[in-house]
Amino acid sequence: MSTSAYRHLFTRLRLGPLTLRNRVVFSAHLTGYAVDGLPTAQHAAYYAARAKGGAGLIVSEEHATHPGDWPYEKVIAGYRPEVVPGYRRITDAVHQHGVPILAQVNHNGGQGSSMYSRRPLWAPSAVPDPLFREVPKEVDQREIRTLVDGYARVAEHCVRGGFDGIELQCSHSSLVRSFLAPATNQRTDHYGGSLENRARFLLEVVEAVRGAIGPDRALGVRLAGEDLFDGGVCLDEAVEVAALVEADGRVDYINTSIGMATETLHMIEASMAVPRGYALFVPNAIRQRVGLPVVGVGRFSDPHQADQALDEGHCDLIGVVRSQIADPDFAAKALAGEEGNIRTCLACNQECIGRMGLGRWLGCVVNPRAGRESVLLPAPTVPGRRVFVVGGGPAGLKAAATAAQRGHDVTLFERATVLGGQVRTAAVVPGRREFLDLVVDLESECVRRGVAVRSGTDATAGALVQGRPDVVVLATGARPRRPRWAGVSDRVVDVRDVLEGRARPAGTVLVVDELGFHQGTSVAEFVADAGCAVTICTPGMVVGQDLGITLDLEGWNRRAHAKGITQVTDVVPTGCEIVGGRLAVTLLHHPTGESRQLTVDWVVSSAHQQPEDELWKELADSGIEVHRVGDALAPRRAHSAVIEGERVALAL
């Protein structure tokens with residue numbers, strides 16, 4: 001079927017033995033939900049929520065094929081027979097909603113670690129990965145046979161577990177990708193050299209897996225389309241590999257990817273600084289060569305964008321991952337004509353990629369329920385309470401929306417004329433504007449839930465007490481804290497002073513990055529774009545070091561170089577004096593203990609803030625139930641604000 005708004009997205013598609021109800025794919029991605037190598041109830045509830053929310057096809061995260069492949073702690077050990085009951089729990093939960101689910105099967109090869117397995121890595125050649133820096137063992141013919149048999153064994157377990165088919169991971173971080181790429185395949189036998197030889201391992205795996213699953217289940221291959229570095233898989237060869245796969249006759253569809261999971265990881269799960277649909281050239285080129293259905297990926301944030309990609313012929317299906325993490329009902333809302341109610345993925349990467357990179361399970365800034373679908377929500381303690389929320393940033397908006405959804409009578413007070421708090425400030429910077437969607441969506445949800453919003457209203461303690469609420473939730477945020485080293489000059493200002501227009505630096509500017517995140521780097525770009533000569537310094541070893549967690553660091557460094565921004569690391573400001581009308585900043589190089597002075601016209605500080613907690617103190621003895629959330633409790637990042645807003649609202 002199709003809707004008037006979408007010509008292609010909600011049409012059916014035949015995928016081998018499967019018929020999909022629409023073209024929306026919840027593609028494979030790591031979750032970190034496994035325990036002791038086994039799938040869990042957390043997996044089942046997570047995938048079932050996206051099936052219930054309207055996805056046409058779900059592909060689970062990767063399942064390891066060999067005991068020597070243990071690249072991260074929480075991998076699913078698909079080679080162990082004990083996985084089958086957990087598989088069945090996942091597939092039963094998804095099938096309840098009439099949606100097929102495939103299992104992605106993979107061996108990471110040299111793109112892994114021996115830390116967990118205590119075994120040498122296996123790879124086509126003894127070429128170390130640039131991130132893990134371990135020299136793998138070059139596999140011999142007998143070991144290649146063992147590897148192929150491992151893929152088949154996992155496929156058999158998946159069949160017993162009720163999966164509707166298999167997707168072979170041949171991209172990102174994969175032994176198959178390593179065989180395909182010239183830089184990592186330096187063999188001189190019939191598995192190396194020509195493209196046909198380098199593709200031999202893939203085709204042997206395809207044959208073995210098809211034999212294991214039979215003709216009644218779907219088989220797909222996710223190919224590396226463009227690794228984006230010399231010696232990696234390039235688009236021309238990816239197209240030829242796709243043609244070889246199609247000619248083999250055993251595969252039902254081809255999925256695509258861009259980037260390699262270590263050297264060019266930032267292009268796999270691109271942040272908001274990268275344009276939407278940036279990877280569509282890959283499926284487009286493959287689709288022009290093969291007749292198999294092709295899946296396109298690359299930051300699809302709304303259903304109209306996905307439908308347009310289908311309409312323009314780039315692909316046959318759309319892989320939508322982060323947007324369905326943010327809103328499990330992405331497809332169902334689009335089909336129902338409720339696109340405006342879809343919770344927008346910010347591509348901020350803080351709680352999905354960022355948490356996974358720190359060894360935690362996957363979550364989401366805008367959706368605190370992501371990864372917690374298996375945890376039942378408590379009933380309201382007392383239904384229909386009168387709740388006042390003070391502060392219209394992400395913490396206050398989330399508290400208000402959730403409390404209203406739970407049946408409480410909610411009024412939100414915001415002293416500014418517009419809602420959004422510091423999120424609105426952060427979104428001023430080009431490349432960060434999508435961050436504003438966080439509060440835009442929450443404001444819209446508040447309106448839908450019937451929250452009475454009183455903007456431009458300074459809620460005093462007296463006025464709140466006089467209003468006789470049952471509960472007050474304080475989300476009053478935080479204010480800049482002037483650093484001790486700053487001296488007395490009014491040309492030493494905070495990031496917020498600049499982005500909110502109270503200060504306009506000119507000439508030479510020093511940005512002091514004490515937070516290691518977007519605040520310092522964003523304002524450095526902002527003033528550089530305004531024509532300033534910018535130096536940014538940090539006490540850390542890397543400017544904006546936490547940008548590496550969200551895959552923003554590579555982009556920042558490229559842009560900083562292009563804009564002439566100088567980066568200085570390992571220094572701590574210890575003083576600032578006015579000398580000859582300019583600012584002389586003393587910087588201590590802490591590794592050596594030596595100090596030097598840098599003379600500039602302005603200094604912009606990216607430093608820790610202090611809570612706006614005066615109202616909390618005034619209401620402490622009022623007899624009213626009062627809660628603090630977000631920066632009013634302790635200044636942190638947006639995900640903490642959203643989580644706390646929901647947590648407090650759920651406890652009312």
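Me: A disulfide is a covalent bond between the sulfur atoms of two cysteines. How many disulfides does the structure hold?
Reply: This is a predicted model, and the structure holds 0 disulfides. Cys-170 takes part in none; its nearest cysteine sulfur belongs to Cys-158 and is 15 Å away.

Me: Is Cys-576 buried or exposed?
Reply: Residues under 20% relative accessible area are read as buried. Cys-576 is buried because its value is 11%. Cys-170, at 1% relative accessibility, is likewise buried.

Me: What describes a pair of aromatic rings?
Reply: Such a pair is described by the distance of the centres and the angle of the planes. In this model there are 12 aromatic pairs. One of them joins Tyr-46 and Tyr-47, with 5.4 Å centre to centre and 65° between the planes, an edge-to-face arrangement.

Me: Where do these two tyrosines stand in terms of accessibility, buried or exposed?
Reply: Tyr-46 is buried, at 0% relative accessibility, and Tyr-47 is buried with a relative accessible area of 1%. Ring pairs also link both of them with Phe-26, Tyr-33 and Trp-361 into a cluster.

Me: Which rings have an arginine over them?
Reply: Trp-616 has Arg-628 over its face, 4.1 Å from the ring centre. Phe-517 has the charged end of Arg-637 over its ring, at 3.9 Å from the centre.

Notes
Residues are numbered from 1 along each chain as its sequence is written. This is a predicted model: local features need pLDDT of at least 70, side-chain atom pairs count only at pLDDT 80 or more; totals for chains, interfaces and linings use all residues. Side-chain values use heavy atoms; hydrogens and water are left out. Rings of Phe, Tyr and Trp (its six-membered ring) pair if their centres lie within 6.5 Å; planes under 30 degrees apart count as stacked, over 60 as edge-to-face and the rest as tilted. Buried means under 20% relative accessible area, exposed over 50%, partly exposed in between (1.4 Å probe, protein chains only). A charge sits over a ring if NZ of Lys or CZ of Arg is within 6 Å of the ring centre and within 35 degrees of the ring normal. A disulfide is a pair of cysteine sulfur atoms within 2.5 Å.
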